[in-house]
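The sequence and structure come first, followed by the points grouped by topic.

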Amino acid sequence: MTAAIEIEGLRKTFHSLRHGRRVAVDGFDLVVGAGQVHGFLGPNGSGKTTTLRALLGLVRADGGRMSVLGAPSPTHLPEVAGRVGAIVESPQFFGNFTAHRTLRLLAVAGGVPVSRVDEVLEQVGLRDRGHERVKGYSLGMKQRLAVASALLKGPELLILDEPANGLDPAGIREMRDLMRSLAAAGVTVLVSSHILGEIQLICDHVTIISRGRRVATGRVDEVLAGFDQHEFRVRVAEPGRAADLLRAAGLPVRAYADHLVVGQVSDPTVVSRVLGEQGLWVQELTPLRPDLESAFLELTGEGAHPALPRQVDGAEPAHGASEGLIDLDVRVGRDRGGDA
Ligand SMILES: Nc1ncnc2c1ncn2[C@@H]1O[C@H](COP(=O)(O)OP(=O)(O)OP(=O)(O)O)[C@@H](O)[C@H]1O
C-alpha cells in the first residue's frame, strides 16, 4: 500500500504561563493509504488539530517522524505542496468579496489557471451562487467555499479538519456528498471529526485518537468487528421465562421493557431452539451490530466496558522525516497562539 500520509511517534507539548504544561500529542502514529477516505476521530482536546498542524508545518513538533506523499514533513513539504489541499479549522474570507472573486484571487496567487474557479465552484455545488457576496452565505456554503479553495490546484490529497463543525443536518449531508464525490474522483481524503455517524457513512478507514495517543486504526468494519459481542435482540411472549431459559443455556441476557438482548450468540438457531423447545415462539431475532459511536465511546474512555479490549490497534508504525518549519499554502482559521 502506498501511503499518502505517515506519522510515527509524533509528540507535542504546549507550555503557557496560564495553563502550564499540556501534552497535546503523545507518541501518535497514523498511516493513510493512497485512495483512502480516512476518518480521524477523537474527543474534543484529544490532539487532532495539533496533529494536523504539525503535519502541515504549522506548529513545530517536539518529536516524531512524518511524511506527506512520500516527502518528509515539514522539511520537504514544499516539494509536494502543489499536490496537497488542506483546511485546518474554519478559514476566514472577506465578506464583501464574492466566492468567484475570492477564488480568482487565490488562483492567481497560487499560479493556478483562473479557469479552475468555475470548475471548483461546480464541484462544491456553488456555481449558481458564486457571484454572491460571501457575507450572505450560510456556514455550510462557507465551508464548501473553503473546500473549493483547497481544490483549486487539483490536489491528490485533501486534509480537512472538522469540515462538518457547526453545520446543520442539510449542510452535513452536502459535505458528505462532496467528500464522496471527491473520493470517487480518486482524491485521498483525511477528515477529522467528532461526528461519528458521518464518519461511518463516508470513510472506509478510521484512526481514533484519545489523549494524544492512537487507540484504534484500520478499516471501519475491522475496527467495529473488535466490538461485536454477538448480541441479538429477541422479542418473545413471556420474556421473563424466556430470559430464565436462555440464562440456563449459558447465554448472558439483559431484559428491557419489550425485548431481551442476548449476548455471545454464535449461532442464532440456538436461541430459537432453546425457546421453541419450551413452546416459546420467537417473534424477532435481530443481530445488534456495533456502530462507530459505541466503539469510540469504549476506546476513548466514556462508557468503557471492562470486558472490551481497550486497544484494537494492530497497525505497523510509519516512517517519515525530521523537524523544522516551512510555509505551506494551507487555509487556516483561528490561531490559538501558543508556541509554534
Ligand atoms: N496553541 C496552544 N496552546 C496551548 N495549548 C494548546 C494549543 N493548541 C492546543 N492546545 C491543547 O492541546 C490539546 C489538544 O488540542 P487539539 O486542538 O489538538 O485537540 P482536538 O482533538 O483538535 O480538539 P477539538 O476537537 O476540540 O478541536 C488540548 O488540551 C488543547 O487545549
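Axes here are lines fitted to C-alpha atoms, for helices over the stretch in contact, and angles run from 0 to 180 degrees between N-to-C directions. Helices (H or I, at least four residues) and strands (E, at least two) are DSSP runs, numbered from the N terminus. The model is predicted: local features need pLDDT of at least 70 and side-chain atom pairs count only at pLDDT 80 or more, while totals for chains, interfaces and linings use all residues. Residue numbers start from 1 along each chain as its sequence is written.

**Overall make-up**

- The chain contains 11 helices and 15 strands.
- Of its 340 residues, 41% are buried, where buried means that 20 or more other C-beta atoms lie within 10 Å of the residue's own, exposed means 12 or fewer, and partly exposed is in between, with C-beta atoms placed from the backbone.
- Taking contacts between residues at least 6 apart in sequence, 73% join residues at least 24 apart; two residues are in contact if their C-beta atoms, placed from the backbone, lie within 7 Å.

**Nonpolar cores**

- A nonpolar core is a set of buried Ala, Val, Leu, Ile, Met, Phe, Trp, Tyr and Cys residues joined through C-beta atoms within 7 Å.
- The largest such core has 76 residues, and within it Ile5 and Ala148 touch the most other members.
- Beyond its neighbours within four places in sequence, Ile5 contacts Leu30, Val32, Leu55, Val68 and Leu190.
- A second, separate core has 11 residues, including Leu251, Val262, Val265 and Val271.

- Helix H3 (residues 99–109) and helix H4 (residues 115–123) pack at about 130°, with axes 9 Å apart.
- H3 is therefore oblique to H4; angles under 35 degrees count as roughly parallel, over 145 as roughly antiparallel, 65 to 115 as roughly perpendicular and the rest as oblique.
- The crossing of H3 and H4 is right-handed, a term used if the near helix is turned clockwise from the far one by less than a right angle, with left-handed used if anticlockwise.
- On the H3 side the contact with H4 involves Ala99, His100, Leu103, Arg104 and Ala107, and on the H4 side Arg116, Val117, Val120 and Leu121.
- By class, the residues of the H3–H4 contact are six nonpolar, one polar and two charged; Ala, Val, Leu, Ile, Met, Phe, Trp, Tyr, Cys and Pro count as nonpolar, Asp, Glu, Lys and Arg as charged, and the others, Gly among them, as polar.
- The axes of H3 and helix H5 (residues 139–151) come within 10 Å and cross at roughly 25°, so these two helices are roughly parallel to each other.
- H3 and H5 also cross in a right-handed sense.
- Ala99, Thr102, Leu103 and Leu106 of H3 make this contact with Leu145, Ala148 and Ser149 of H5.
- The contact of H3 with H5 comprises five nonpolar residues, two polar and no charged.

**Packing of H9 against H10**

- Helix H9 (residues 239–248) packs on helix H10 (residues 268–276) at an angle of about 120°, and their axes are 10 Å apart.
- The H9–H10 crossing is right-handed.
- Ala242, Leu245 and Leu246 of H9 meet Val271, Val274 and Leu275 of H10.
- The residues of the contact of H9 with H10 are six nonpolar, no polar and no charged.

**Backbone geometry in loops**

- Most residues other than glycine have a negative phi, and most peptide bonds are trans.
- The Ser73 to Pro74 peptide bond is cis, with omega near 5°, and Pro74 is in the loop between strand E5 (71–73) and helix H2 (77–80).
- Leu69 has a positive phi, near 50°, and lies in the loop between strand E4 (63–68) and E5.
- Leu69 is buried, with 22 other C-beta atoms within 10 Å.
- Arg211 also has a positive phi, near 50°, in the loop between strand E9 (205–210) and strand E10 (213–219).
- Arg211 counts as partly exposed, with 16 C-beta neighbours inside 10 Å.

**Glu156**

- Glu156 sits in the loop between H5 and strand E7 (157–161).
- Its 18 C-beta neighbours inside 10 Å make Glu156 partly exposed.
- Not counting residues up to four places away in sequence, Glu156 touches Arg83, Val187 and Thr188.
- Glu156 and Val261 are 105 residues apart in sequence and 46 Å apart in space, C-alpha to C-alpha.
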